[in-house]
Amino acid sequence: QVQLVESGGGLVQAGGSLRLSCAASGSILRINAMGWYRQVLGKQRELVATITSGGSTDYEDSVKGRFTISRDNAKNTVYLQMNSLKPEDTAVYYCNVALWTIALIRGDYWGQGTQVTVSS
């Protein structure tokens, strides 16, 4: 079994910052890519940022220069530092982890989601 636990969401004023965390635990052999997605009610979930096992990152255009994704492989944790937040960043944020389990099963796992609300 694999569990992802997110933390760090909340309410912040425009221009403020938040840091999201997502810790993976359980029968994990190896973690490959990790990422963050977000979803607004009534809209499709969209990719925000990804980071490979080697540390290469990619960002959705609207967050480039404001958000930073990072990972701590020793802790099986991915982070999303969000600066200069805008009201349009308001969404539920989900982490996603691609990994191999000890049973040699490859899968994609999702966190439970954390609400980020940016007030104007």
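This is a predicted model: local features need pLDDT of at least 70, side-chain atom pairs count only at pLDDT 80 or more; totals for chains, interfaces and linings use all residues.

Colleague: OK, how many aromatic pairs does a search of the whole structure find?

Modeller: The search finds one, and a pair here means that rings of Phe, Tyr and Trp (its six-membered ring) have centres within 6.5 Å, with planes under 30 degrees apart called stacked, over 60 edge-to-face and the rest tilted. Tyr37 and Trp110 form an edge-to-face pair, with 4.9 Å from centre to centre and 65° between the planes.

Colleague: And which parts does that pair tie together?

Modeller: Tyr37 belongs to strand 4 (residues 28-39) and Trp110 to strand 10 (residues 106-110), so the pair ties together parts that are 73 residues apart in sequence. Strands (E, at least two residues) and helices (H or I, at least four) are DSSP runs, numbered from the N terminus.

Colleague: Is Tyr37 buried, exposed or partly exposed?

Modeller: Tyr37 counts as partly exposed at 22% relative accessibility, and Trp110 is also partly exposed, at 39%. The cut-offs are under 20% relative accessible area for buried and over 50% for exposed, with partly exposed in between (1.4 Å probe, protein chains only).

Colleague: What sits over the ring of Trp110?

Modeller: The charged end of Arg45 sits over that ring, 4.6 Å from its centre, and the charged end of Arg45 also sits over the ring of Tyr94, 3.7 Å from the centre. To qualify, NZ of Lys or CZ of Arg must be within 6 Å of the ring centre and within 35 degrees of the ring normal.

Colleague: Switching topic, how many salt bridges does the search find?

Modeller: It finds five, where a salt bridge is a side-chain nitrogen of Lys or Arg within 4 Å of a carboxyl oxygen of Asp or Glu. One of them joins Arg38 and Glu60 at 3.9 Å, N to O. That pair links distant parts of the chain, since Arg38 is in strand 4 and Glu60 is in the loop between strand 6 (57-59) and strand 7, 22 residues apart.

Colleague: What about burial for those two, then?

Modeller: Arg38 is buried, with a relative accessible area of 6%, whereas Glu60 counts as partly exposed at 25%.

Colleague: Which other bridges can you show me?

Modeller: Asp89 and Arg66 meet in a salt bridge of 2.7 Å, N to O. Asp89 is in the loop between strand 8 and strand 9, and Arg66 in the loop between strand 6 and strand 7, 23 residues apart; both residues are buried. Lys64 forms a salt bridge with Asp61, with the closest N and O atoms 3.0 Å apart.

Colleague: Which residues are linked in a network of salt bridges?

Modeller: Arg38, Glu46, Glu60, Arg66 and Asp89 are linked in such a network.

Colleague: Now the inside: which residues of the largest nonpolar core touch the most other members?

Modeller: Trp36, Leu80, Met82 and Tyr93 do, out of 29 residues in that core. A nonpolar core is a set of buried Ala, Val, Leu, Ile, Met, Phe, Trp, Tyr and Cys residues joined through side-chain atoms within 4.5 Å. The largest share of this core, five residues, comes from strand 9. In soluble globular proteins, nonpolar side chains tend to be buried together.

Colleague: Where is Leu104, and is it buried or exposed?

Modeller: Leu104 is in the loop between strand 9 (91-101) and strand 10, and it is exposed at 59% relative accessible area. In contrast, Leu99, which is in strand 9, counts as buried at 0%.

Colleague: What is phi of Leu104 near?

Modeller: Phi of Leu104 is near 65°, a positive value in a residue other than glycine. Asn76, in the loop between strand 7 and strand 8, also has a positive phi, near 50°. Most residues other than glycine have a negative phi.

Terms used. Residues are numbered from 1 along each chain as its sequence is written. Side-chain values use heavy atoms; hydrogens and water are left out.
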